[in-house]
Amino acid sequence: MTALSARRPPGEARMSWLIARRAAIESLRDRLTSLMSLFFAVVLPLGLLVFVVQPAAARSAESAIGGMLAFYLLVVGLMPAISAVGIAAGQFAGEKERGTLTPLLASPASNLAIFGGKVLGAILPPLAYAVLGETVYLVGVAVLLGLARLQSIPVATGFAMLVMVPAVTAFAAIVASLISSRVRTFNAAQQLAGLVLMPVWGVLLTVAIKLPDWGTGALMGAITGLVLVDAALLVAAAATWRREEVLSQI
Amino acid sequence: MIQARGLRRQFGRLVAVEDVSLCVPAGTILALLGPNGAGKTTTVRMLAGLLAPTTGEATVAGYDVRSDPAAVRAHVGLVTDSPGLHDQMTPAAYLEFFGQVYGVEPRCLQDRIAELLDLFDLKAVARTRMAGFSRGMQQKVALARALLHEPSVVFLDEPTAGLDPLAARMVRDLIVGLKSGSRSIVLCTHDLDEAERLADTVAILRRGRIVASDTPAALRAAASHASLIRVSLTAHRPDGLAILAATEGVLDPRLETSPSAAGAVFEYRTLDPERTNPRVIAALVSAGVDIVSVTCTTASLEDVFALAVATEPAA
């Protein structure tokens with residue numbers, strides 16, 4: 001074996017994708033996380049439909065049902081997305097505890113690629129489960145309440161609720177990753193992230209209830225605003241994150 | 001090739017490394033020795049492009065650690081005391097991931113992984129999750145990861161820490177195998193015997209400073225006031241002491257054991273064993289003395305280490 005000239009490491013996007021894919025696969029392999037996510041993606045939407053939505057639909061005026069179904073579309077999507085906080089908390093602090101972070105920090109991957117990849121890796125599995133949950137919910141609405149009720153969901157509101165799920169998941173993952181990269185333990189990361197995100201989730205759900213009343217323009221504005229906040233937060237977090245700080249905690 | 005001059009690293013008020021200069025030519029192993037907190041890991045992290053030096057300069061594999069740390073990281077391999085493996089991955093998948101991160105050509109990657117799995121005797125477990133691997137096996141995978149992109153510089157930060165003696169010996173054998181004509185290796189270790197056996201050069205760190213640096217033999221020689229030589233003879237010779245005393249370079253000759261039918265042992269000291277010992281042997285042989293053995297005792301690396309870390313570094 002001889003030492004040869006080094007290879008050319010991949011660019012930022014490819015490197016981020018490599019890191020994200022590995023992180024996503026790893027979290028999907030975690031049995032407890034998968035079971036929890038499957039519960040949120042399959043059992044919870046069905047339970048919500050049978051025990052909450054169906055009785056509520058029976059009591060509500062026909063004109064209000066579409067908005068209610070759209071709101072629960074967001075709820076069903078966000079439930080599995082909560083696991084993004086746990087996954088993101090494990091990306092830095094958890095790996096620090098397990099000692100698996102150093103080889104990646106010692107690689108040619110840039111700070112942006114590592115941070116971006118870790119955030120993306122925390123987002124992808126919950127989003128997959130969110131899609132599954134929303135599909136189960138929509139199919140359940142069609143089966144239990146009828147196709148007409150499914151078609152009563154306002155298109156703009158339904159679209160806004162669907163898009164809000166990845167935007168909110170990304171927000172949660174970025175915040176949790178940021179905290180995770182700056183604390184020493186997984187528990188500390190998870191607790192701090194929960195503390196920061198709880199009020200945010202509360203505000204979001206309140207706004208989501210009101211959104212249909214504000215019209216399509218406000219809906220699109222809210223979504224665009226959330227995406228912009230995500231992008232700004234990601235760039236700021238990646239720019240302020242330093243591998244030296246992470247290393248000094250190992 | 002590694003060249004560092006005046007490296008300094010400060011964490012807040014703590015100066016972890018101060019004025020470290022070293023050179024590791026291609027094809028050699030430098031052992032960094034020092035007690036816990038001496039600055040070995042910080043030095044390695046600076047040289048591996050993970051930590052920026054506060055002051056000082058260093059080039060590793062031709063790249064400046066300060067201005068181009070990413071290029072440095074792309075050209076070095078690092079193994080720490082903790083293998084840092086993902087338990088749920090198989091060695092093959094793990095190596096494939098790092099091969100991609102280091103940009104190993106896809107068409108070469110599988111061949112390279114197969115070569116390393118073969119080299120480290122991991123072929124049989126290539127598709128087994130690493131959760132149940134022994135420390136020795138984990139360290140083999142970590143070594144394979146560090147060599148995947150064929151780096152010209154390898155940093156081994158206490159690679160045998162926590163390993164049982166057999167696994168440690170196996171890793172040491174692998175390290176010897178890594179030494180090639182074009183690869184520079186830096187080995188941080190607490191194991192002085194390991195350093196003596198593997199390293200071409202030893203640098204002893206104390207409180208962030210290099211307090212001694214040379215080949216193990218030179219360090220031992222420098223720490224020894226004079227080598228102690230023991231000469232065993234088949235039979236006692238009354239003129240033995242006189243022969244020794246008359247030989248140039250011999251100091252303090254004495255009869256070590258009482259003469260007996262089983263023979264006799266003489267001792268002497270010398271500052272220059274390479275020249276003095278042949279003279280002594282020639283003188284004894286020409287006097288008709290039958291020599292059983294000649295042994296030379298100098299200071300051990302442990303003595304050198306103890307002396308170096310006990311001495312206050314120069315301000």
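**Domains and strands**

Mentor: Start with the layout: 45 Å separates the C-alpha centres of domain 1 of chain B and domain 2 of chain B. The bounds come from an automatic or database domain assignment.

Trainee: Where do the domains of chain B run?

Mentor: Domain 1 is 2-221 and domain 2 is 225-297. Keep in mind that this is a predicted model, where local features need pLDDT of at least 70, side-chain atom pairs count only at pLDDT 80 or more, and totals for chains, interfaces and linings use all residues. Residues are numbered from 1 along each chain as its sequence is written, with chains lettered from A and ligands numbered from 1 in the order in which they are written.

Trainee: Is chain B compact or spread out?

Mentor: Its radius of gyration (over C-alpha atoms) is 25 Å, well over the 20 Å from the globule rule for 315 residues, so chain B is more spread out than a compact globule. That rule is 2.2 Å times the number of residues to the power 0.38. The C-alpha trace spans about 75 × 50 × 30 Å along its principal axes.

Trainee: Switching topic, is strand S6 of chain B covered or open on its faces?

Mentor: Both faces of S6 (residues 76-79) are covered, with B:Val76 and B:Leu78 buried on one side and B:Gly77 and B:Val79 buried on the other. Buried means 20 or more other C-beta atoms, placed from the backbone, within 10 Å of the residue's own.

Trainee: And which strand does S6(B) pair with?

Mentor: S7 (residues 153-157) of chain B, parallel, over four bridges; pairing takes at least two DSSP bridges. B:Gly77 sits opposite B:Val154 there.

Technical notes
Buried ≥ 20, exposed ≤ 12 C-beta atoms within 10 Å, placed from the backbone. Helix = DSSP H or I, 4+ residues; strand = E, 2+ residues; numbered from the N terminus.
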